[in-house]
Amino acid sequence: MKIERVELHHVDMPLAHPFETSFGREITRPCILVAVHAGGLTGWGECTAHGGPWYSSETIETAWHVLRDFLIPQVLGQEVDSPADVVARFKRVRGHPMARAALENAVWDALAQAQSLSLTVMLGGGRDRVPVGVSVGIEPTLDELLDRVAGHVAEGYRRVKLKIKPGWDVEAVRAVRERWPDLQLQVDANSAYTLDDAPLLRELDEFDLTLIEQPLHYDDIVDHAQLARQLRTPLCLDESIHSPEHARWALDIDACRIINIKVGRVGGLTAARQIHDLCSERGVPVWCGGMLETNVGRAANVALATLPNFTLPGDISASARYYRQDIAEPNFVLNDDSTLSVPTEPGLGVCVIPKRLTAARLRHLA
Ligand code: NPG
């Protein structure tokens, strides 16, 4: 397949509800959508970098620069027969996983379409539904948090993740746990604590949480290994796992018992699948994280989450949870059993709506 043209679309869309984490509050979600044109087909990939370097060091601007000046020139006009060809061409580029993932994933979509395979089948996944949960941001008050969780439970979500930070942790978790004793509950700190907070984090052990996600520094595995030994609740890493190598290092020193795999954070579907396979060999469960994606990124996440070792529900909620109107169709809708159905059409199985793309677009590289 010859890559004839690559387009970048910088879009910004208002979120249905503002989302607050330990590093800030988001009202709109900017992202870059990558379109790869080859042989009359268009493959799509979503770059999950945000406006500022808060979750990781990448931003929309760094991703735009690296895509335009280094990654696109590696594939433009080239014959690409498998995702491995793209990975090999990107090998010289250090870092910038979200930029790499966006272009690699767009090629996966185009290649899958060219072979009339769904992305799921091309990845080697098998399920027709994937279990999902919802991530609830930090709310102004405990009452508002309880209302929000109540709304999601009523929608049918059986697993809820609460964002925590110092001052919004034990009491918030206690309030939710008391009201929903049987809900599958987990927390995510986005690196808001230090090892000195171990006694406080140990207090969370009484709430029967599925996991505590990334409590300590965003690049650390050593302190996490120390903390993991002090907690009964399984520790899960997100930010610290940038690649299959990081996953292996973390598992080798018992820094975590669970890994959150985000396609953007680890540099694309190829690396995501490698981490899945490694964890599978080591008996470590994984789940698919989310970055408030549009349906383009969500479709890739759903396909990835069909791999067998994705045994915990992902942060892949129904489309309506994110945007009033998504940029691509069809929407993902929550099934009664807290799952999303897996598209079966060739490629990602969603179509970008040109009018919506133009309306949401701030910048275009054609
Ligand atoms: O459902 O897509 C989703 C959001 C899941 O909480 C979620 N993501 O740290 O995992 C995270 C968090 C996040 C969101 C991080 C946005 C950065 C930006």
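The legends below describe close-up views of a predicted model.

**View 1. Helix α8 and its surroundings.** Helix α8 spans residues 222–230, and its buried residues (under 20% relative accessible area, 1.4 Å probe, protein chains only) are His 224, Ala 225, Leu 227 and Ala 228. Seen down the axis of α8, these residues fall within an arc of 165 degrees, so they line one face of the helix; the arc is that of the directions from the helix axis to the C-beta atoms. Val 222 and Arg 229, on the other side of α8, are exposed (over 50%). The cover over the buried residues includes α7 (198–203) and β9 (235–237).

**View 2. The packing of helices α3 and α11.** Helix α3 (residues 97–114) packs against helix α11 (residues 269–282) at an angle of about 90 degrees, and their axes lie 8 Å apart. The two helices are therefore roughly perpendicular (65 to 115 degrees). Contact (heavy atoms within 4.5 Å) involves Glu 104, Asn 105 and Trp 108 of α3, together with Leu 269, Thr 270 and Arg 273 of α11.

**View 3. The seven-stranded sheet.** The open sheet has parallel pairing and the strand order β5-β6-β7-β8-β9-β10-β11; two strands pair if DSSP finds at least two bridges between them. Its edge strands, β5 (134–136) and β11 (286–288), each pair on one side only. Within the sheet, β9 and β10 (residues 258–261) pair over two bridges, and Leu 237 stands opposite Ile 259 in β10.

**Notes.** Residues are numbered from 1 along each chain as its sequence is written, and side-chain values use heavy atoms, without hydrogens and water. Local features need pLDDT of at least 70 and side-chain atom pairs count only at pLDDT 80 or more, whereas totals for chains, interfaces and linings use all residues. Helices (H or I, at least four residues) and strands (E, at least two) are DSSP runs, numbered from the N terminus.

Technical notes. Axes fitted to C-alpha atoms, helices over the stretch in contact; angles between N-to-C directions. Parallel < 35°, antiparallel > 145°, perpendicular 65-115°, else oblique.
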